[in-house]
Amino acid sequence: MAEQTARDAKLVQYLTEAYTTEKQLETALDAHIGMSTRAPLKKRRQEHLRETKRHARELEKRIKQLGGQAGTLNEIATEATKAASTLVGKAMAAAQGPLHAVRGTSAAEIELKNARTDYQSEAEEIATYTIIETLATAVGDKETAQLAKSIRREEERMARFLERQIPMLTKAVVTESIPAAERNGGSRRRTSRASSRSGSSRASGSSRSKSSRSSGSSRSKSSRSSGSSRSGSSRSGGSSRASGSSRSGSSRSSGSSRSSGSSRSGSSRSGGSRSRRSS
């Protein structure tokens, strides 16, 4: 058997990590299927469990083709640590299912938290297969790159399904765990506070409006009073000037009368003198 190259050894390293994750996910999915209360979610988990088992078989086959030892990371540990690591690995895988059963106080909450764990597992697998695809492409291993790409696409489909389920499962927890009066009470309190603030704003606006109108009326009355005073003063000044004009006109008239009288008197005296001379 040819010696394994550094390239193949690195590919086997990441393929083995992916294989280990798939085997752990088999255990978790099997437990979650047994606890599923929603038919669509249970059915999709059953489908993905079949996909997960196929992924593990395909990875195992490729690991052997590259000269690696098929098995999980615990199964291929050194003899010095194999016994301990195997026990730990089995305990971790077995615990994923039963421990999830005590996650919440209601069936809806258990379903929600199991879906969250599945979603986290899918995200980890997507990252792992993206690494393998990129690595295999970089070193020219088209077969490994294609395998990683096809598995990644199936993991992405499962992740999208779970992403759509999580909001609905969360709403189910709200419905099952929180009384309707408490769910609606918060909304009523917010509406009441908003109405109080709105009423205060309108009252404050009305006060400001009344104050403005009162101030405007005062200014208007003051302006009219000032205008009346100025008008009265103007009329008074006009009467004084008219009186002065009358007195001036009377004086001029009196002067004219005296002048006329003087003229007539002179004329009479002159006429008398002429009459005496003629005699």
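This is a predicted model: local features need pLDDT of at least 70, side-chain atom pairs count only at pLDDT 80 or more; totals for chains, interfaces and linings use all residues.
The average pLDDT over the protein is 74, and 54% of the residues score at least 70. Residues 225–279 are a stretch to treat with care: their pLDDT is below 50, and beyond near neighbours in sequence the stretch has zero contacts in the model.

Now the overall plan. The protein has six helices and zero strands, so reading the elements from the N terminus on simply gives α-α-α-α-α-α. Of the 279 residues, 27% are buried. If you look at contacts between residues at least 6 apart in sequence, 75% of them join residues at least 24 apart.

Two packed helices are described by the angle between their axes and the distance between the axes. Helix α1 covers residues 6–35 and helix α2 covers residues 39–65; they pack at an angle of about 155°, and their axes are 9 Å apart. Anything over 145 degrees counts as roughly antiparallel, which is why α1 is described that way relative to α2. The crossing of α1 past α2 is left-handed. Sorted by class, the residues in this contact are eleven nonpolar, six polar and nine charged.

Setting aside neighbours within four places in sequence, Glu-26 is in contact with Leu-49, Thr-52, Lys-53 and Ala-56. Gln-46 belongs to helix α2. At 32% relative accessibility, Gln-46 counts as partly exposed. Gln-46 and Leu-29 are 17 residues apart in sequence, and their C-alpha atoms are 7.8 Å apart in space.

What does Arg-44 touch, once residues up to four places away in sequence are not counted? The list is Glu-51, Arg-157, Met-158 and Phe-161. Arg-44 lies in helix α2, while helix α5 takes in residues 142–177, so three names on that list, Arg-157, Met-158 and Phe-161, lead you from α2 over to α5. Arg-44 is also buried, at a relative accessible area of 14%.

That brings us to α5 and its partner. Helix α4 (residues 107–138) packs against helix α5 at an angle of about 160°, with the two axes 7 Å apart. That angle makes α4 roughly antiparallel to α5. Here too the crossing, α4 past α5, is left-handed. The contact of α4 with α5 divides into 19 nonpolar, four polar and 13 charged residues.

Not counting residues up to four places away in sequence, Ile-126 touches Arg-152, Glu-155, Glu-156 and Ala-159. For one of these, Ala-159, the separation from Ile-126 is 33 residues in sequence and 9.0 Å in space, C-alpha to C-alpha.

How do the two pairs connect? One link is between α1 and α4, which pack at an angle of about 160° with their axes 10 Å apart. This makes α1 roughly antiparallel to α4. As α1 passes α4, the crossing is left-handed. By class, 13 nonpolar, six polar and seven charged residues make up the contact of α1 with α4.

Finally, step off the helices. Thr-105 lies in the loop between α3 (79–100) and α4. Is Thr-105 buried or exposed? At 78% relative accessibility, Thr-105 counts as exposed. Along the chain Thr-105 and Ser-177 are 72 residues apart, yet their C-alpha atoms are separated by 8.6 Å.

Methods
Residues are numbered from 1 along each chain as its sequence is written. Side-chain values use heavy atoms; hydrogens and water are left out. Axes are lines fitted to C-alpha atoms, for helices over the stretch in contact, and angles run from 0 to 180 degrees between N-to-C directions. Helices (H or I, at least four residues) and strands (E, at least two) are DSSP runs, numbered from the N terminus. Angles under 35 degrees count as roughly parallel, over 145 as roughly antiparallel, 65 to 115 as roughly perpendicular and the rest as oblique. A crossing is left-handed if the near helix is turned anticlockwise from the far one by less than a right angle, and right-handed if clockwise. Ala, Val, Leu, Ile, Met, Phe, Trp, Tyr, Cys and Pro count as nonpolar, Asp, Glu, Lys and Arg as charged, and the others, Gly among them, as polar. pLDDT is the predictor's confidence in each residue, from 0 to 100. Contact means heavy atoms within 4.5 Å. Buried means under 20% relative accessible area, exposed over 50%, partly exposed in between (1.4 Å probe, protein chains only).
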